[in-house]
Amino acid sequence: MFIRRHWRAILYSLLLTAFTVYLALDTFVIPRVYAVVPETRVGSGEEAAEERDEAQGESGVMVSENAYQDENISIVITQYRVYETEVYVADVQLSSAEYLKTAFAQNAYGRNITKKTSEIAENVGAILAINGDYYGSQQEGYVLRNGVLYRNTASPGQEDLVIYGDGSFAIIAEEAVTAEELLSDGAVQILSFGPALITDGAVTVSESEEVGKAMASNPRTALGIIDALHYVFVVSDGRTSESAGLSLSELAGFMESLGATAAYNLDGGGSSTMVFNGQVVNNPTTNGRSIRERSVSDIVYIGY
């Protein structure tokens, strides 16, 4: 009797529940590929390794546990202990900006397309890699990678890191300039996470500023530039008894101490991962109880 009397309400509730579940799955689980990266831009790890060997030519290469050197690329990794946290810094110097690149998980732009940082790095033959901005978790925000514009929808209040063809950095507000204008001005990468940590040599976040969980100590990933073709890739541990993690203010101050004239905060927390010569350098964790990589949508890397 109850079901007969209320069948319309029951049916409506069932349909609403099913639709809500579908929306959640579509947003967070179901993979959707919107574009496949051309193989000429990102090849297999084997192809990238062959290209690297050819580019190195007769100059040879020197590799150690914490350093890499050839005629085009110099990388030195140093581990610091600051704010009760282990922080890993890759000092990178290049002969050309062409060796500073980005890559998508599974060579595809889309939603819920993810792989571990180390897996994406292996696929493109990266010498050094860090996780990127996890563009796939957002519906808005510019996505420009290796000169190809994938998303041009501005997010209100969003500031991005723009990397130009000459390797220089700029911090921009999406509301102030279109992605198409940036592309026509020579931009090759746009990373949309933030906030900016240092702009024009000055720290731009304060101890009182909070963006999400910015005031909390967390694992962090950041990218900075010291001068022309001289960069710092920075990843900190966090959420463990050995490493508390960094606030945005602490991260900005640390980047400044490295000499960065511009620096930008990338996706952090469980995503924060640095990979060097196929090995994970830091201790990535989401909950502090287990050390393991989180799958992400993209990386920033150095390679051929």
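**Reading burial, cores and a helix face**

User: Let's start with one glycine: is Gly 136 buried or exposed?

Analyst: This is a predicted model, and in it Gly 136 is buried, because its relative accessible area is 11% and the cut-off for buried is under 20%.

User: Okay, where does Gly 136 sit, and what does Gly 136 touch?

Analyst: Look at the loop between strand 9 (128-131) and strand 10 (143-145); that's where you'll find Gly 136. Skipping residues up to four places away in sequence, Gly 136 touches Gly 110, Arg 111 and Ser 297. Sequence distance and distance in space are separate things to check: Ile 113 is 23 residues from Gly 136 in sequence, with 7.3 Å between their C-alpha atoms.

User: What about nonpolar cores? Which residues touch the most other members of the largest one?

Analyst: As a general idea, nonpolar side chains tend to be buried together in soluble globular proteins. Here the largest nonpolar core has 33 residues, and Ile 75, Leu 128 and Phe 233 touch the most other members. Strand 5 (residues 85-94) gives this core its largest share, four residues. Another core, of 19 residues, lies apart from it and includes Val 89 and Leu 246.

User: And what does Leu 128 contact?

Analyst: Beyond its neighbours within four places in sequence, its contacts include Ile 75, Val 92, Phe 233 and Tyr 301.

User: Last one: which residues of helix 3 are buried, and how are they arranged?

Analyst: In helix 3 (residues 117-124), the buried ones are Thr 117, Ser 118, Ile 120, Ala 121 and Val 124. Down the helix axis they fall within an arc of 165 degrees, so they line one face of helix 3. After helix 3 comes Gly 125, with a positive phi near 70 degrees.

Notes
Residues numbered from 1 in each chain as written. Predicted model: local features only at pLDDT ≥ 70, side-chain atom pairs only at ≥ 80, totals over all residues. Heavy atoms only, no water. Core = buried A, V, L, I, M, F, W, Y, C linked by side-chain atoms within 4.5 Å. Buried < 20%, exposed > 50% of the residue type's maximum accessible area, 1.4 Å probe, protein only. Helix = DSSP H or I, 4+ residues; strand = E, 2+ residues; numbered from the N terminus. Contact = heavy atoms within 4.5 Å. Arc of directions from axis to C-beta.
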